[in-house]
There are 2 protein chains.
Amino acid sequence: MVKSTSAPTADRPPRPPIGGGAHRIGSSAIRDLLALAAQPEVISLAGGLPDAASFPVAAVADATAELLATDPASALQYGPTEGIEELRSLVAAHAGATRTATEAIITTGSQQALDLVARTLLDPGDVAVVTDPAYVGALQALRASAARLVPIASDEHGLRVDLLADALASGLRPRLVHVVSSFDNPTGATLSGDRRVALAELAEEHGFWIVDDDPYGALRWHGVEPEPLRSLTDRTISLGSTSKVLCPGLRVGWVLAPAAVAPSIAVVKQATDLHTSTFAQHLALRLLADRATLDAHLDALRATYRQRATALIAALDRHAPGALVHRPPSGGMFLWARLGDDVRSEATADQLLAEALDTGVAFVPGSAFAAGPARRHERHLRLSFASLPDADLDLAARRLATVLSRRPRHRARHRTA
Amino acid sequence: MVKSTSAPTADRPPRPPIGGGAHRIGSSAIRDLLALAAQPEVISLAGGLPDAASFPVAAVADATAELLATDPASALQYGPTEGIEELRSLVAAHAGATRTATEAIITTGSQQALDLVARTLLDPGDVAVVTDPAYVGALQALRASAARLVPIASDEHGLRVDLLADALASGLRPRLVHVVSSFDNPTGATLSGDRRVALAELAEEHGFWIVDDDPYGALRWHGVEPEPLRSLTDRTISLGSTSKVLCPGLRVGWVLAPAAVAPSIAVVKQATDLHTSTFAQHLALRLLADRATLDAHLDALRATYRQRATALIAALDRHAPGALVHRPPSGGMFLWARLGDDVRSEATADQLLAEALDTGVAFVPGSAFAAGPARRHERHLRLSFASLPDADLDLAARRLATVLSRRPRHRARHRTA
C-alpha cells in the first residue's frame, strides 16, 4: 500500500525529467490495489464504482437521439468555459432559490472541481485542513497545489469540529477545510447538524472556505439530511457530480461558489481544459431536468444500495459474527468497518489484504485513506457494497470470514508504519 | 484587449480570496472579444470555431446507438486515468508502427494535454520557450505553472529556430519549447522541414522537450507535411485532438509522450479529473476507427476550408486590393494578415477593431497573440474563414474594406502599448 511515484528514467539533461506537480501527487494506493482486485476470481468489495446495471442507459440513448436531432451544432461545438447556461441554472436552482447560474461552474467530474478549487484558492504552503481519514482524490488534488495538508480526525459524525476549533485557537490559519459532508468516502459518516453549524461559525470567524464535497448526498435511504453547509454560511464552496446519481462516464460535475470566487475558478478552468464536454453537458442537462424520470431512477438506486448494504451486513453477521465493528450506513456506497480487538490482533488490514486476495476477496485497507499517520486506520477496512449482487456479497463475506477467523500466524504484532 | 483578471471582492479575511493560479493566468483576450463579436449583426472572422455544418452528426448518432446497445456499462462507467485501451492503441498506431499504447494518454481536449504537460514538466521559474505570436491557450497553460515564458519570433516558416539556437548559445536553458507545428494559430505557418531537423538536434543537444501541438495537421489541402517532429527526436511530446477533425464538443484529445514521461503525466491527470469522459472516448474511438468514413469526412472538410480560404482571399482582393499582406494558407483555419504600410498607418489593429465592430465585422488583432511586446503584432489581424459561407466572407471583406479605406482620423500615430 505504498504510494508509487514515477519510475526513474534514463534522461540526458542534468535535471530529472519530471518536475511540476507529478512528484507531489504520487499514485493512488487504491488504484494500485484495484489492479490486483480486478482478477476475475476475486470478488471485490474494494471498488468505488457505482452499480453499472443501474445506469440510465435508455434515458441516455433517448437524450442523445433527441439532442442530435434538434441541436447538433450546440452539442458538438465548443462551449463556454463556465458550462452551458441551462445546466448552470439547473445546478444553481437545485441549491436554492437565491442562487444564480453565475455561481455555478460545470466541471469534468467533481475531481476537477477539487483541482480547480485547490488551484484557485491555494498558494504553495497554504494550509488545507482535511479529515483523517480522507477521500484519496481530495488528498491528491490538494497535494498537487503544494498546500500544507493538516489532518483533523473524523468519527461517525464526520469531522471533529471541536478538534478543528482547538487547532484554530492554537493559531492554525487554514485557507480551506475539505469535508465529504454526506456518506463520506471512506467512513460513510454524515457530518451532523450541530457540527455543520459549528463549522460554519468557525469559517465565518476565521475566514476560511469550507469545500463541501457532496457526490453521495442524494443516495440517502434512511433519516433526514442535515441543513446543507451552503445554507449556513456563504463561505461554502459546494461540489457536486452526476457520477453517483446518473453515471460516471459523462464526467459532469460542478462547483457552486460565491460570486466572489466563481469567476476566478472559471479563469483557471479555461487554462485547464477550455470547458467540459458540451455533448456530455447537454446529456446531463436532459437527464437531470426530467425530474420524474430522475426521481424514479434515484428511488430505484437507493433501494438497490440499501438492499445491498443490508445484505452485506447480514452476510458478515452470518459468517463472521462480531469480527467487524461497524455502523449500518444510512446512504452512500461504503461500509467502514474496524477489526474487532481480538480478531487477528497481530495483523493490520494491509497485511490481511494479501490473504484476502488469495482467498478471493478484496477490500481497501484503512491506511489507504490516511491523511495523517497510516497507523491510525490500520485496523479499518472500507467495504463497498454498491455494485455486487447479494450472492456475491454473501460469498465475499464468507471468504473474508475465513481470513478473519484464522489463528494468528505470528504472536508478535508487526506494524508496517 | 487588456487581460481581465479576477474582479476585486469584498472578502473578510486579510488575504485576498483568490490565490493559486488564477492571478497568473488572466482571462483570454480572445474570449473578451468574442463577447462583442457574438452580436447577430456582426460577421465574425474572429472565432476559432470549426464549421458546425461539417460535424459528423449522423456518425455520432450511429456510434452512440451502437455503443449503448453493445457496451453501455463500459461507456458510462469510470475508466482508466490514461484512457481506454483501444483509443490509446489507435492514437499510438497512427503516430507510427513503433509507438505503443502506453505512450498515449487520452486528455480532455488538447488544452488539457497542454496543462498536464506543463504541470508535469515545469517547476516555478523553469523556462518555457513559446513562439511569438503564440496560441493563447498555450500561454495560459504555461503561465499557470508559473514557468518563465521566453518568446522567440516566428515567421512564415514557423519558429525562428536560428534565433532559438542563438539564445541557447547565450545560455538559455529551456525545459520545453512549444510549437504549433502545422497551420499555426494564429499565423497559419507550418514549421519547415529544415527547421524541424534543426529543432530536433537542438532538443537532443540541450535536453529540452519539444511540445508539438498539432490539432490542425490533418487539415492540409496543399503540399506535403514535413516529417513529424516525433520522427526526428524522442524528445518530442505530441499533442493531438479530435476537435478540429471531428468536433470539439466531445473534448477528446491526447498526448503522446516517451515512456519516461507518460506515466508521470497520468499521475497528474488522475489528480486533475480522474479521466476523460469514457462515453466521449468510446464515441471518438468509433469515429476514428472507421477509416473510410473518416477519410471521406476529412476530404469534404478540407475541400470546404480550401474553398473558404480561397473565397476570403478573393473577396479581400476584390474589395480591398493590396490593403492586407498575407500568404495563402495550405491548410488549417486561419489567415494571418498584415496591414499594408500605407493602410491606416496611424492605427493599430486593436484600434481598427472598434471601427470594424461598428461596421459589422470582427477579427482578432495580432496583439492578442503576443508572447512578447504586443507592439510586434499590432498591425496584424487573424482572420478565420472556417465557419462562414462564401456570401458572408464576401460581406465581411466588404465591411473590412470600408474600415481599411478610411482616411486617417488622426495624423499622429497612437500606440496602445
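Modeller: A residue is called buried when its relative accessible area is under 20%. The model discussed here is predicted.

Colleague: Does A:Arg99 count as buried or exposed?
Modeller: A:Arg99 sits in the loop between α5 (85-95) and β2 (104-107) of chain A. The cut-off for burial is under 20%. The relative accessibility of A:Arg99 is 15%, so this residue counts as buried.

Colleague: With which side chain does the side chain of A:Arg99 make a polar contact?
Modeller: Neighbours within four places in sequence aside, A:Arg99 is in contact with A:Ala92, A:Arg230, A:Leu256, A:Ala257 and A:Pro258. The polar contact, at 3.0 Å, is with the side chain of A:Glu103.

Colleague: What span should helix α6 of chain A have, and how far apart are its end C-alpha atoms?
Modeller: Helix α6(A) covers residues 109-121, which is 13 residues. The expected span takes 1.5 Å times one less than the number of residues.

Colleague: How many of the residues of α6(A) are buried?
Modeller: Helix α6(A) is largely enclosed by the rest of the structure.

Colleague: Which strands are the edge strands of the open sheet in chain B?
Modeller: The four strands of this sheet run in the order β10-β11-β14-β13 (chain B), with antiparallel pairing. An edge strand here pairs on one side only, and in chain B these are β10 (324-325) and β13 (364-365).

Colleague: Which residue in β14(B) is the bridge partner of B:Pro365?
Modeller: β13(B) pairs with β14 (residues 380-384) of chain B in the antiparallel sense, over two bridges. The partner of B:Pro365 in β14(B) is B:Leu381.

Methods:
Residues are numbered from 1 along each chain as its sequence is written. Chains are lettered from A and ligands numbered from 1 in the order in which they are written. This is a predicted model: local features need pLDDT of at least 70, side-chain atom pairs count only at pLDDT 80 or more; totals for chains, interfaces and linings use all residues. Side-chain values use heavy atoms; hydrogens and water are left out. Two strands pair if DSSP finds at least two bridges between them. Buried means under 20% relative accessible area, exposed over 50%, partly exposed in between (1.4 Å probe, protein chains only). Contact means heavy atoms within 4.5 Å. A polar contact is a pair of N or O atoms within 3.5 Å; within protein, one must be able to donate a hydrogen and the other to accept it, and residues adjacent in sequence count only if both atoms are side-chain atoms.
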